[in-house]
Amino acid sequence: MIELADVQLTLPSAAGAVHILRGLDLRVGAGELVSVLGPSGSGKSSMMMIIAGLERATAGRVAVAGQDFADMDEDDLAQFRRETLGIVFQDFHLVPTMTAVENVAIPLELSGRADAEARAAESLEAVGLGHRLSHYPGQLSGGEQQRAALARALAGQPKLILADEPTGNLDGDTGAQVIDLLFKLCAERGSTLVLITHDINLARRCARSVRLRDGLVLDDTANGALAARVAE
Amino acid sequence: MTNGASGSGWALAFRLARRELRGGLRGFGVFLACLALGVAAIAAVGTLSTGVLESLRDDGRRILGGDLDLRLVHRAAEPRQLEWLAERAEVSLATDMRAMARAADTESRRILVELRGIDDLYPLYGSVGLYPEQDLGDAIAKRNGLWGAAAEPALLRRLDLQVGDRIRIGDLNYEVRAELRFEPDRAAKVISFGPHIVVSGDSLADTGLVQPGSLIHYHYRLRLPPGTAVEAVRNDINETFPDAGWRVRGPDQAAPGVTRFVERLTLYLTVVGLTALLVGGMGVANAVTSFLEGRIGTIATLKCLGAPGVLIFRTYMAQIMILAGIGVGLGLVLGAAAPQAAAGLLSEMLGWQVSLGVNAQALLTAAAFGLLTAFAFSLWPLSRARQVPGANLFRDVVAPFPAISPRAVPGTMAAIIVAGLVLAGLAIATATDRWLGLYFVLGAIATLGLFRLTGAAIVALARRAPRPKATGLRLALANLHRPGAPTGSVVASLGLGLTVLVAIALVEANLGRQVRDEMPVNAPAFYFIDIQPDQIEDFTALVGANPGMQELKRVPMLRGRIAAINGTPSAELQIPPDIAWVFRGDRGLTWSAQPPEDAKIVEGQWWPPDYKGAPLVSLDAGVGRHMGIGPGDRMTINILGRDIEVEIANLRVIDWSGLGMNFVMVFSPGLLESAPQTYIATVRAEASAEDAIERAVTDRFANVTAIRVKEVLAMVTELLGHIAIALRAAGSIALVAGILVLAGAVAASRRRRIYDAVVLKVLGARRALVARAFMAEYGLLGAVTAIIAAVMGSLTGYLILTEVMNLPFVFLPLPVLATALGGVAITMAFGFAGTWRALGQKAAPLLRNK
């Protein structure tokens, strides 16, 4: 599903070039659940942006769902995102002037689906927000907002879900409920999940964990070995 | 299931836009106000102007006083002409002249009046308003040996008379039987030298005013049988009586002076409205940028969800145009309603009922201007919005609004240029004077460009300037060039508004100077007109006997019109607008053996003092130059219905500003000496002697009319004052638009300023220091803007005066300085008001949130 080969990302700055990714390699198979760990500045978000086609790698090969990004322009990448990808953010990023169902319908509408609102309503039902369809984000709790964002990410039945600290702004119980829902829906739909987190317990729930440091993969381990390495 | 429709089409863009608009109009105050103001100004001007001109057209017959008006000067129509006319139409005669009126007692003051003698048919159309209400014929009829009169209330007030009292005009006493409240055909007369009084035409002979050569206008008004083609009758009249010498006007030319004035004023006010819209356009650009900056998160979210850049562009373009529609709608409502409020006042001023309905064309034009402006000025920020990266959502930092992508620059620029060209085309196409419209467009582009460059130069200079030691000044300089600083917007928006005001101030001051300062120095105290040849010596002796008399000049005068030049009839000549007045009707003529005092002959020679040959004429050099004629060329002049061919002997430069007696054409002696004529005299006298001279002359010569130059100048000054108020009010619209944009630009940077102020205070800066820094920043901006505006405004004022008004230009520093200083004060006041709150902010809450 994901193939990153010797990916580099260098951004210019007033103080000189900043090397964010320094030759990162990662392969993720279809249906895999992968967590990404690492301290701030290790390159987690940059890697996610590159996988989402939101940032162009300075060097290296990026291919997702069989599509090589090198051959794609911005519009191709936008099409790729609406057809292949669902993203869940730490800050939810729901559009405040749209109701829950309208927020969830956006990617479907972007795909030109005539049944966008009906599908969006189904998706909200699936995350337990069937009774909040016409509520605006400001009228929803943090947990509900994140569930709506989850419904939006999954509404188009994407092959790949990218989740960036999805529980970062939620309290423990609410966060757990959202994560349970995320794993359940990914499993049901066979979606691949790449999950950025600082929470080691949450990382453990994925079959595989990748640790980044200074723009490189520090280690890439199966779930069982992770706890031991962290303990070290 | 997909419907196959594109996920970036306009339908989806409008759907998303509609949802986004639920956020309300917050932050769009300046945007809406700028558009509404500009559109309202243009719509109001269009509605007013069209309304006035249409009313004039619709009511043309009434304003003209008939289906056709045949005007003769000096002499009445011949019986055969009247017979011919009477066979085809009902003919009414109104006889107009200027005269002196006074109360019946000899001590009463004398007032110059516009006297009208009418017949039983007057008015052919409409009705005269009298108070107390009564039949006009009865009011002016002869009763008990006394003719009646209806006089304007102003005349009765000035002579301290009541209805029922007697008023003396010429040799005749009239009984004032009514106040003259309304005349249906008053608007046809552009300038009134005094209050109006209406009497029976049959009474005029007894006044002694009707003398050979007296300046009397005979208006023969025709009422044609229903269904008669006015144009056909007009042609018939011209063909039957080609040498009659009358001026024939139809309802389409009922009040050409008013038409010209309205057209000129419309052009000016439209230009001001467009300037307001142009200034507002910058407010639109600022507001759109500010709005989109607030939408970075939403745009990034849409990008992450797969929205292509084109959809982002369309979604926000749709929103902006919907909002622009609201602003334009507001402007149209205001622009349609405001003239209704002014209709009553206008009707009173113009003397006829001005009906101002909703004018679809004026509103559509204004709407087109508004929408095009919003479109053109939104394109750049909207193209920048396309570049907002979805990646922003993964970053914790507050991402700035991105610059436009280099790839998008050519396309965006092309779209802006096309929109700008359409705007310019519309401005030129709808202008009453296309050339002036074009000059405005070019001038506006140049001025706008200059202010944009100035803004950029200030930023560049502030960045490179050495760091001043004073902390306040250092901060001020830094504020001028930091990212997101409103420097460019403030300079451009305020600059354009100030330029307009400086230009208006200069035009106003120059007009005022012309009237007040220049003319009166050499101006005579009186013009005495209609002095009969057999009175002139007595008149001279009488005036000369007054010890206060300083100078008396007299010349014979008769009237005639230019019928042809070198055999080409005037109607077929290409006459430049600047000298059209010379050909428009009868002009005063004189003859002289000697050249006039101070005459400057620039081509040809003056005739010898004892010249007795074929008639020669000395022509105004300006007319000669404009028409491309000079010594040796021939002119045909129609005098009292007779065509006389003369040869141009010389061209002479005339200084019209002295208010002395000047004539476009001065003839050689001989031919005109025998024609019926009167004398015209100017008298300069000590102020204390003026009343006595006027009284002596009008007592002795009842037919002689005295025109007090001071009173005429006062009237002109008053008229100019009214026009100046209207111009200033209109010019203020551009400044208000500028201030709105300024306020918007300051407001947009307020958050940043609050943060700056808080940080500075945390670091130990006193409020006074922060305040000084803000004041220095805006003072500097205002000063530079005011200097450029002073230069551009002076240039604009110069062009308006010399090219449009054909008046000399004198640079008057005081109004320019006052306007420029006002501009600096406004900038500082708004800049400071916008940042005052920043100074009072508590540090803790803000820092916690950061």
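View 1. A30(A) sits in the loop between β2 and β3 (33-37) of chain A, where strands, like helices, are DSSP runs numbered from the N terminus (H or I over at least four residues for helices, E over at least two for strands). The model is predicted, so local features need pLDDT of at least 70 and side-chain atom pairs count only at pLDDT 80 or more, whereas totals for chains, interfaces and linings use all residues. Residues are numbered from 1 along each chain as its sequence is written, and chains are lettered from A and ligands numbered from 1 in the order in which they are written. With 13 other C-beta atoms within 10 Å, A30(A) is partly exposed; a residue is called buried with 20 or more other C-beta atoms within 10 Å of its own, exposed with 12 or fewer, and partly exposed in between, the C-beta atoms being placed from the backbone. Leaving aside residues up to four places away in sequence, A30(A) touches M1(A) and T192(A), contact meaning that the C-beta atoms, placed from the backbone, lie within 7 Å. Between A30(A) and I196(A) there are 166 residues in sequence and 18 Å in space, C-alpha to C-alpha.

**View 2. The open sheet of 4 strands in chain A.** The strands follow the order β2-β1-β4-β5 (chain A) with antiparallel pairing, two strands being paired if DSSP finds at least two bridges between them. The edges are taken by β2 (18-28) and β5 (67-68) of chain A, each with a single partner strand, so one side of each has no neighbour in the sheet. Strand β1 (residues 2-11) of chain A is joined to β2(A) by 8 bridges, and the two run antiparallel; within this pair, I2(A) stands opposite V28(A) in β2(A). Strand β1 of chain A also holds D6(A), whose phi is near 50°, a positive value in a residue other than glycine. D6(A) counts as partly exposed, with 13 C-beta neighbours inside 10 Å.

**View 3. The open sheet of 6 strands in chain A.** Here the order is β6-β7-β8-β3-β9-β10 (chain A), and the pairing is mixed. Because β6 (85-88) and β10 (216-222) of chain A stand at the edges with a single partner strand each, one side of each is left without a neighbour in the sheet. Strand β7 (residues 160-164) of chain A pairs with strand β8 (residues 192-196) of chain A in the parallel sense over 5 bridges, and the bridge partner of A163(A) in β8(A) is L195(A). D214(A) is found in the loop between β9 (208-213) and β10 of chain A; phi of D214(A) is near 50°, again a positive value in a residue other than glycine. D214(A) is partly exposed, with 14 other C-beta atoms within 10 Å.

**View 4. The side of chain A that touches chain B.** The contact takes 29 residues from chain A and 28 residues from chain B. On the side of chain A that touches chain B, the elements giving two or more residues are α1 (44-51), α2 (74-84) and α3 (100-110) of chain A, and α2(A) gives the most, with 6 residues.

**View 5. Two cis peptide bonds in chain B.** Most residues other than glycine have a negative phi, and most peptide bonds are trans. Y122(B) and P123(B) are joined by a cis peptide bond with omega of about -10°, and P123(B) is placed in the loop between β3 (111-118) and β4 (129-131) of chain B. The peptide bond from Y131(B) to P132(B) is cis as well, with omega near -5°; P132(B) is placed in the loop between β4 and α5 (136-140) of chain B.

**View 6. The surroundings of I644(B).** I644(B) is found in strand β18 (residues 642-653) of chain B and counts as partly exposed, with 18 C-beta neighbours inside 10 Å. Not counting residues up to four places away in sequence, I644(B) touches P615(B), I637(B), I639(B) and L671(B). I644(B) and I562(B) are 82 residues apart in sequence, and their C-alpha atoms are 9.7 Å apart in space.

Technical notes
Two residues are in contact if their C-beta atoms, placed from the backbone, lie within 7 Å.
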